[in-house]
Amino acid sequence: MSGQENLAGSEVPKGRTFSDVHHEFENVVIYFSAEAGNDKRFNLFAKTQAVFDLGVIAGVNEVLWKAYIFGPAHDVLNRPENITQYTTLLLRLKALHEKYRTGKRINVGDIVGDLDDIMIDLIDFSRTVMKQSKCGQPQSH
């Protein structure tokens, strides 16, 4: 998906900070995880996989937040192209959550597959951000 796509009727916000985007979407993972973990339409494997994927997404978001707050990736995460990519990923998660919540008949395999894709893309995004910000690399003198 390109960073400028319209997802679920929402457009990627312009002129926002990483913090704005992070706060806007931070509860989606919590609600989605609780709902999927208690959903009788999900078998045990699907529940476990969905909750695991959402846990990884929450963990990666926490790492990005800490890198933003404590400085090493603050400027990198505020670059417009990174805000756009991050927003797009979280809009995909929000759209999936809405599809899940509003669908009486859902394909559990598709939900879990889409969560896997979002998780992998968010991990890849975080790796790119860490490389761009040179987190963990010794500084030359």
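A pocket, as the word is used here, is an open set of grid points where a 1.4 Å probe fits, with protein on both sides within 12 Å along at least five of seven lines, and its lining residues are those with an atom within 4 Å of a point. In this predicted model, the largest pocket has a volume of about 150 Å³, and its lining is made up of H22, F25, E26, V29, I30, A58, N61, E62, Y86 and L90.

Three helices, α1 (18–37), α2 (44–69) and α4 (80–102), each contribute at least two residues to that lining, with α1 giving the most, at 5 residues. Sorted by class, the lining of the largest pocket comprises 6 nonpolar, 2 polar and 2 charged residues.

Among the lining residues is N61, which lies in helix α2. N61 has a relative accessible area of 8%, and because this is under 20% it counts as buried. Beyond residues up to four places away in sequence, N61 touches H22, Y86, L90 and L122; of these, H22, Y86 and L90 also belong to the pocket lining.

The largest nonpolar core holds 38 residues, of which F32, F42, I57, L64, L93 and L115 touch the most other members. This core draws at least two residues from each of α1, α2, α3 (74–77), α4 and α5 (108–133). L115, one of the residues touching the most other core members, is in contact with F32, A50, D53, L54, I57, L93 and L96 when its neighbours within four places in sequence are left aside.

Terms used:
Residues are numbered from 1 along each chain as its sequence is written. This is a predicted model: local features need pLDDT of at least 70, side-chain atom pairs count only at pLDDT 80 or more; totals for chains, interfaces and linings use all residues. Side-chain values use heavy atoms; hydrogens and water are left out. On a 1 Å grid over the protein atoms alone, a cavity is a set of points where a 1.4 Å probe fits but cannot get out, and a pocket is an open set with protein on both sides within 12 Å along at least five of seven lines; lining residues have an atom within 4 Å of a point. Grid points are joined across faces, edges and corners, and a volume is the space filled by probe spheres set on the points. Helices (H or I, at least four residues) and strands (E, at least two) are DSSP runs, numbered from the N terminus. Ala, Val, Leu, Ile, Met, Phe, Trp, Tyr, Cys and Pro count as nonpolar, Asp, Glu, Lys and Arg as charged, and the others, Gly among them, as polar. Buried means under 20% relative accessible area, exposed over 50%, partly exposed in between (1.4 Å probe, protein chains only). Contact means heavy atoms within 4.5 Å. A nonpolar core is a set of buried Ala, Val, Leu, Ile, Met, Phe, Trp, Tyr and Cys residues joined through side-chain atoms within 4.5 Å.
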